[in-house]
Every structure is written in C-alpha cells, then in structure tokens.
Amino acid sequence: MAKKNKIKKTLVEQILTKAGIEHTGIQINALEGGLPKGYDRDHIFKTLALLGDKTGPIIGIVPITEHLSEKKLAKISGNKKVTMIPQKDLEKTTGYVHGANNPVGIRQKHTYPIYIDEMAQKLDKMIVSAGEVGHSIIISPQDLATFVKADFADILERK
C-alpha cells in the first residue's frame, strides 16, 4: 500500500501546535504563485532582521508589498539608527536563512524586540514564514503578537 504524501510540520508549526495556537500551515512561494482563496499579497508579511545601534538585533515584520522605515523602527525601539543585518550574518544572528526568518522561531532562541506593522491589526489572518523557505503559516495577527511578545507599530515607509 502506498504511503500518503503527508507534509511534515515545520518546527515553527510544531511549537505553535504544542502551545495551542490556532494556525494553518501552507506551502507557497511568496514572490510568485497562487495564494490561498480569500488572501491577497498584502496578507503576506516578511520578517526582517536589523541591528540597532543601542539594542542590537531587532525584528520588523511588514507586508511583502511594502517597505520598512528604518527611521521609524529606530525611533520606536529606542535606537538612533537601525540597519539591515547583512545576509552573510543572518543565520548566525537569527538561526534562519534569508527567506525563512520567522518571529516564532526567533523568539524561541532570542529575546530580540519584535515589531509588527500596525496594518496587520486590520486583518483577521496574516501569512508569515514557517521557518523554511516555501513554508508559511496563516495565523491571527493578535495571536502571533501575543505569543512572540511583539508590539504593533507604524513602521512602514510612506511615499
């Protein structure tokens, strides 16, 4: 009898399941390909790792359709300035490679400040990485913020 192709849960999904946090694992390429029914590209959020001149590493979560304002993030986090962590240092700092950074996994290992753009609060559900490239989770923004001890803030670049 043939085995069913069951998609293995990522560590992030296992952590959320164990904690009783409602979420749905999905496989998508955020930059191309179809989205689950009822979701737009602005429901997908990227997890960015930056370095604050006073706080050290800091995490900003913004829609993939938008740009993070380093100036706003610096101000809200008590830094004079923040800069993106170079890709070569990303895995050493967060434990994840580019495209797999996620707030749940980062929070398990580090106490870095995490800020989610306030746009997320207008959504019932948001999509963030599940810790592996091509794997994501659908989760309530409030549940995510509570679980990873994140603050909502206006951290988008305005044109």
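## Basis

The model is predicted: local features need pLDDT of at least 70, side-chain atom pairs count only at pLDDT 80 or more, and totals for chains, interfaces and linings use all residues. Residues are numbered from 1 along each chain as its sequence is written, and side-chain values use heavy atoms, with hydrogens and water left out.

## Nonpolar cores

In soluble globular proteins, nonpolar side chains tend to be buried together. A nonpolar core is here a set of buried Ala, Val, Leu, Ile, Met, Phe, Trp, Tyr and Cys residues joined through side-chain atoms within 4.5 Å. Buried means under 20% relative accessible area, exposed over 50%, and partly exposed in between (1.4 Å probe, protein chains only). The largest core has 27 residues, and I116, M126, I139 and L144 have the most contacts inside it. Elements that each supply at least two of its residues include α1 (11–18), α4 (103–109), β5 (114–117) and α5 (141–148). Helices (H or I, at least four residues) and strands (E, at least two) are DSSP runs, numbered from the N terminus.

A second, separate core has twelve residues, among them L48, L50, L68 and L156. Contact means heavy atoms within 4.5 Å.

## Open sheet

Five strands form an open sheet in the order β4-β2-β3-β5-β8, with mixed pairing. Two strands pair if DSSP finds at least two bridges between them. β4 (82–84) and β8 stand at the edges with a single partner strand each, so one side of each lacks a neighbour in the sheet. On average, neighbouring strands are turned by 35° against each other, direction ignored.

β2 and β4 pair in the antiparallel sense over three bridges, and V82 in β4 is the bridge partner of G52. Helix α2 (residues 70–77) packs on the sheet, touching β2, β3, β4, β5 and β8, and its direction makes about 130° with that of β4. Axes are lines fitted to C-alpha atoms, for helices over the stretch in contact, and angles run from 0 to 180 degrees between N-to-C directions.

The buried residues of α1 are V12, E13, I15 and L16. Seen down the helix axis, they fall within an arc of 160°, so they line one face of α1. The arc is that of the directions from the helix axis to the C-beta atoms. L11 and K18 are exposed on the other side of α1. The cover over its buried residues includes β1, α4, β7 and α5. Just after α1, G20 takes a positive phi of about 75°.

In α5, the buried residues are P141, L144, A145 and V148. These cover an arc of only 95° around the axis, which puts them on the same side of α5. They pack against α4, β5, β6, β7 and β8 (151–153). K149 follows α5 and has a positive phi, near 55°.

H23 lies in strand β1 (residues 23–27) and is buried, with a relative accessible area of 17%. Its side chain reaches the backbone oxygen of I21 at 2.9 Å. H23 touches E13, L16, T17, I137, I138 and I139, not counting residues up to four places away in sequence.

K37 sits in the loop between β1 and β2 and is exposed, with a relative accessible area of 83%. K37 and I114 are 77 residues apart in sequence and 29 Å apart in space, C-alpha to C-alpha.

Terms used. A polar contact is a pair of N or O atoms within 3.5 Å; within protein, one must be able to donate a hydrogen and the other to accept it, and residues adjacent in sequence count only if both atoms are side-chain atoms.
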